[in-house]
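Have the model open beside you as you read.

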Amino acid sequence: MTETQTKTSSPEFRAAAGAIDGLREDLLRRVSDYRPLPPLNPGGRLIRRLPEGMRRVVVWTPHALVLFAAFLVMMAGFAEWEFRLLMGLVPAIPVAMTLIRPVAAFWASMLATVFCGILGSELWGPGAFAAQVVVMVVVAARTRPRTAAWMWLLTLLFGMLVEGGSPSTTAPLATVSAFALLVVAVVQIRRDAEREVTVQRTVTAVERDRRTLLEERTTIARELHDVVAHHMSVVAIQAEAAPYRVENPPPELEQAFVTIRENAVAALTELRRVLGVVRAEDYEAPDAPQPTLAALDGLLDNVRETGLETEKVITGAVRELPQGVELSAYRIVQEALSNSLRHAPGASARVELGYVLGGLGLRVVNGPPRGLVKPSPGAGHGITGMRERVAMLNGEMTAGTTEDGGYEIAVFLPVPLSDEPEARETAGGTADATGDADTVVVERDGRA
């Protein structure tokens with residue numbers, strides 16, 4: 001039948017055609033498929049708790065059960081007095097075949113039933129009866145519920161056709177197999193539903209992590225825009241004012257400064273256009289400049305007001321770093337202290353800044369939670385944001401629990417020597433021009 005005829009036919013006809021196609025797909029086209037029964041997963045919930053040697057044996061439990069069922073079928077066939085060997089061995093062969101060719105095993109069971117019916121006094125003898133039930137159950141467990149329905153229906157029609165109007169043994173077989181196949185179908189449906197839920201949860205978790213990552217990158221882009229825009233604006237202003245600082249500058253110099261200013265303005269315009277894509281409609285640009293490490297004391301004071309005991313330790317020659325590095329370091333400390341408040345209530349925190357020749361070392365560690373306040377659960381977005389900031393600067397970061405049950409975040413942000421501004425004076429001392437002076441400043445609860 002063509003596709004046009006199928007579309008114009010009645011719904012009942014299309015349903016019947018679909019059912020016939022299902023029968024062909026499940027029991028006719030895949031008769032010779034070689035599908036060996038795989039062993040159990042050694043990493044299963046129960047198997048992984050067993051010793052290594054026992055796991056190697058337990059994974060073959062389904063195969064042992066099928067072969068044991070074939071043995072029981074053979075013993076049931078031996079109960080008949082005539083042709084005992086054939087009446088037991090022939091029905092047991094299809095049961096064993098379910099281990100490698102499940103669909104072919106069903107048709108072999110039907111042929112074994114005919115063979116036993118010819119040799120015996122009834123169609124479904126003890127061996128044939130048990131073999132047919134076991135084969136349908138194993139095949140249904142290895143395929144899908146639709147295949148189980150087709151096997152049950154074909155078995156019922158075959159029995160009624162052979163036995164005529166008095167299906168004395170087909171009716172009990174249909175009843176027993178119906179209950180067995182129903183249990184198998186319910187287990188399969190539940191297993192498929194659990195697998196689908198697991199897949200959906202995995203996809204949801206991946207999408208949530210991806211959305212979180214994009215949100216963190218957008219936040220970083222917004223913050224860095226203010227830093228870059230400031231420097232580009234300074235370049236444009238300095239390029240415009242530079243010719244007036246020189247008396248009678250040559251035309252080539254004036255044109256060079258004009259070109260520099262035009263390029264800076266163009267870059268600033270493009271930067272704003274690109275940032276407009278990642279900005280939300282309700283986003284409002286901050287009025288104050290982006291924070292740096294100079295504002296770290298204010299952050300620690302605010303944290304101390306919430307009850308978190310903090311300690312700041314500075315080592316090395318304190319100097320001014322690129323604004324992007326200081327902004328990222330400030331945000332990392334801010335997020336780490338927020339995590340301490342959320343996940344370790346009642347604990348103390350320690351912030352360490354190490355100014356070294358090649359960059360900035362940063363370490364935030366807190367102790368285990370104390371008191372009666374329970375930690376608040378989190379989604380781990382803060383750690384993701386920290387890693388993004390560190391990766392943006394080609395730095396390194398480690399995060400994990402400490403031996404006493406606390407949590408530690410260690411970061412190194414590299415800064416090439418050519419990118420570092422002049423050294424500046426700090427409260428703890430003044431770095432000399434060579435950068436060899438070491439300064440150690442320790443603050444506890446706001447007191448140096």
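The report below takes these topics one at a time.

## About the model

This is a predicted model, in which local features need pLDDT of at least 70 and side-chain atom pairs count only at pLDDT 80 or more, while totals for chains, interfaces and linings use all residues. Residues are numbered from 1 along each chain as its sequence is written, and side-chain values use heavy atoms, with hydrogens and water left out.

## The largest pocket

Rolling a probe the size of a water molecule over the atoms shows where empty space is left. Here, a pocket is an open set of points on a 1 Å grid over the protein atoms alone, where a 1.4 Å probe fits and protein lies on both sides within 12 Å along at least five of seven lines; lining residues have an atom within 4 Å of a point. Volume is the space filled by probe spheres set on the points, which are joined across faces, edges and corners. The largest pocket comes to about 1,000 Å³.

Its lining has 25 residues, and L40, P62, A141, V187 and R191 lie nearest the centre. Two or more lining residues come from each of α4 (61–77), α7 (126–142) and α9 (170–241). The biggest contribution is that of α9, with seven residues. Helices are DSSP runs of H or I with at least four residues, strands are E runs of at least two, and both are numbered from the N terminus. By class, 15 lining residues are nonpolar, four polar and six charged. In this scheme Ala, Val, Leu, Ile, Met, Phe, Trp, Tyr, Cys and Pro are nonpolar, Asp, Glu, Lys and Arg are charged, and the others, Gly among them, are polar.

## A nonpolar patch

F68, F71, L72 and M75 make a nonpolar surface patch of about 380 Å². Patch residues have over 30% relative accessible area and no salt bridge, with nonpolar side chains (Val, Leu, Ile, Met, Phe, Trp, Tyr) joined within 5 Å and like charges within 9 Å. Areas come from the Shrake-Rupley method with a 1.4 Å probe, and for residues only the protein chains shown count as cover.

M75 sits in helix α4. Its relative accessibility is 35%, so M75 counts as partly exposed; buried means under 20%, exposed over 50%, and partly exposed in between (1.4 Å probe, protein chains only).

## Salt bridges

Side chains of opposite charge can pair when their charged atoms come close. With a salt bridge taken as a side-chain nitrogen of Lys or Arg within 4 Å of a carboxyl oxygen of Asp or Glu, the count is eleven. One of them joins R55 to E52 at 2.3 Å, N to O; these two lie three residues apart in helix α3 (residues 52–58), about one turn. E52 is partly exposed at 43%.

R195 pairs with D192, their closest N and O atoms being 2.8 Å apart. Because they are three residues apart in helix α9, about one helical turn separates R195 and D192. R195 is partly exposed at 45%, as is D192 at 36%.

## Two buried loop residues

A347 lies in the loop between α12 (323–343) and β2 (348–356) and is buried, at 4% relative accessibility. Its C-alpha is 9.3 Å from that of T310, 37 residues away along the chain.

V59 is found in the loop between α3 and α4 and is buried at 9%.
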